[in-house]
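This briefing goes through a protein structure by topic. Please look over the sequence and the model before reading the points below.

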Amino acid sequence: MKALVLGGGVVGVTTAYFLAQAGHEVTILEEKDGLGLEASAGNAGIVAPGHSFAWASPAAPAMLLRSLRGDETAIRVRLTADPQLYAWGLRFLRECMPARARRNTLIKLRLCQYSQRVMNELVRAEGIDYHAVAKGALYLYRDPALLGAGIKKMALLAEHGQKQEILDPAGVAKLDPVFEPVRGKIAGAIRDLGDSSGDSHLFTERLGAFCRDRLGVTIKLGARVTALRTGGDRIDAVVTTDGPLTADSYVLALGVGSAGVARTAGVSLPIYPAKGYSSTFPLRPGGLAPTVPGVDEQWLVGWSRLGDRLRLTSTAEFAGYDWGWTPRDFNNILRFARDVFPDAVDFDRGEYRACLRPMTPDGPPILGLGRYRNLFFNCGHGHMGWTMACGTARIVADLMSGRMPELDLDGLTPRR
């Protein structure tokens, strides 16, 4: 079977890998001049089944209201004249009910755990080096009351297979000496022992090169997908800036671009961009830098070591398809880093960017077939594309190859 994978991020490239492994003739179409240059290059770097909570939660509406008043919040909204924002937002608010939030969290957790196993198998089999750090992840609290609430919250994941330990400030500092000078500023942490981190952009580049050189995958860069041509219950061609291209089957893995391209075929996908802010700093020679990845649970700042750099990310802003940023957008990141990691990096040489995460209202991605018999979805991964990519790629490749996926797809298909 000839397959076109639309999108060259970590989701598209891993899909191409599993399709090629199954014997299909695969071409990746990527708009940029390299693989993994959008959200795959701007995430926190954490492979985090231990942080699988749905963003649509009982706490989210109050946070959004505070953001409308101008408060600095981890999830915020900028009102625009975009009707898609309001339609998506209403669906998001519906998912904030406790029972729905719990169900969505467990669907995400099941997928993330599966994806982590698949990723580990892939890395062992192909020897992909991507600055992996396998020391678990720290979910850090600086307020004792919030730590107590976090322990109760994390118990849901522990009940469903995540191995955790609760650390006091001394335990946090013993695990990672970067916290020794600031022990008095933290209340403790929950460590998920199975989480890890790594450079998803490097992973995507190196897996893409493996697919090209060892599996015969064709990679077309600078090819922007603009539309889908339909005929009956099938996709006949993909319209690109290089002209129309045809295949037997197609995979839609365009991140935040998936919804717009799907609309050209009359398909409505509930995907809306959530802007995140990402900064990367070179490590300071002789400085004390973190070795274990983690998330500050107050400001939702995530961090991880990527070789000789430190990546920090924060915020989910619903503001449409806007890639712009201002220095103010990095206030939370810099305030946290200067407070907790003051000697870790050269703050004068930071690289800053915004990236758009493809969010669904409920949180899980959209996988499998919709109304067209040869158009497969692998999109809507939100802030967990790096964690979910290998699992969703294998699921979609299994479906396209006529195999039953290993994972129950309840809550993951277009009709859920």
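**Pocket, salt bridges and backbone**

Helix H3 (83-94) and helix H4 (98-126) each contribute at least two residues to the lining of the second largest pocket. The model is predicted, so local features need pLDDT of at least 70 and side-chain atom pairs count only at pLDDT 80 or more, while totals for chains, interfaces and linings use all residues. Residues are numbered from 1 along each chain as its sequence is written, and side-chain values use heavy atoms, with hydrogens and water left out.

**Second largest pocket**

- The second largest pocket has a volume of about 400 Å³.
- Of its 21 lining residues, Arg 91, Pro 270, Asp 362, Pro 414 and Arg 416 are the closest to its centre.
- A pocket is an open set of points on a 1 Å grid over the protein atoms alone, where a 1.4 Å probe fits, with protein on both sides within 12 Å along at least five of seven lines; lining residues have an atom within 4 Å of a point.
- H4 supplies the largest share of the lining, 3 residues; helices (H or I, at least four residues) and strands (E, at least two) are DSSP runs, numbered from the N terminus.
- The lining divides into 7 nonpolar, 6 polar and 8 charged residues.

**Salt bridges**

- The structure holds 25 salt bridges, each a side-chain nitrogen of Lys or Arg within 4 Å of a carboxyl oxygen of Asp or Glu.
- Side chains of opposite charge can pair when their charged atoms come close.
- Asp 362 and Arg 416 form a salt bridge at 2.8 Å, N to O.
- This pair links distant parts of the chain, 54 residues apart: Asp 362 is in the loop between strand S18 (351-359) and strand S19 (366-369), and Arg 416 is in the segment after helix H10 (385-400).
- Asp 362 is buried, at 11% relative accessible area, whereas Arg 416 is partly exposed at 40%; buried means under 20%, exposed over 50% and partly exposed in between, with a 1.4 Å probe and protein chains only.
- Lys 32 and Glu 38 meet in a salt bridge at 3.0 Å, N to O; Lys 32 is partly exposed at 30% relative accessible area, and Glu 38 is partly exposed at 28%.
- A network of salt bridges links Arg 76, Arg 78, Lys 275, Glu 317, Asp 322 and Asp 329.

**Nonpolar surface patch**

- Leu 65, Leu 68, Leu 79 and Tyr 86 make a nonpolar surface patch of about 400 Å².
- A patch of this kind is made of residues with over 30% relative accessible area and no salt bridge, with nonpolar side chains (Val, Leu, Ile, Met, Phe, Trp, Tyr) joined within 5 Å.
- Leu 79 is in the loop between strand S4 (75-77) and H3, and Leu 79 counts as exposed because its relative accessibility is 53%.

- Most residues other than glycine have a negative phi.
- His 131, in the loop between H4 and strand S5 (137-141), has a positive phi of about 60° although it is not a glycine.
- Leu 300 has a positive phi of about 55° and is not a glycine either; Leu 300 lies in the loop between strand S15 (294-296) and strand S16 (301-306).
- Gln 162, in the loop between helix H5 (144-159) and strand S6 (164-167), is buried at 8% relative accessible area.
- The C-alpha atoms of Gln 162 and Gly 50 are separated by 6.4 Å, with the two residues 112 apart along the chain.

Definitions and conventions: Grid points are joined across faces, edges and corners, and a volume is the space filled by probe spheres set on the points. Ala, Val, Leu, Ile, Met, Phe, Trp, Tyr, Cys and Pro count as nonpolar, Asp, Glu, Lys and Arg as charged, and the others, Gly among them, as polar. Patches are made of residues with over 30% relative accessible area and no salt bridge: like charges are joined within 9 Å, nonpolar side chains (Val, Leu, Ile, Met, Phe, Trp, Tyr) within 5 Å. Accessible areas come from the Shrake-Rupley method with a 1.4 Å probe; for residues, only the protein chains shown count as cover.
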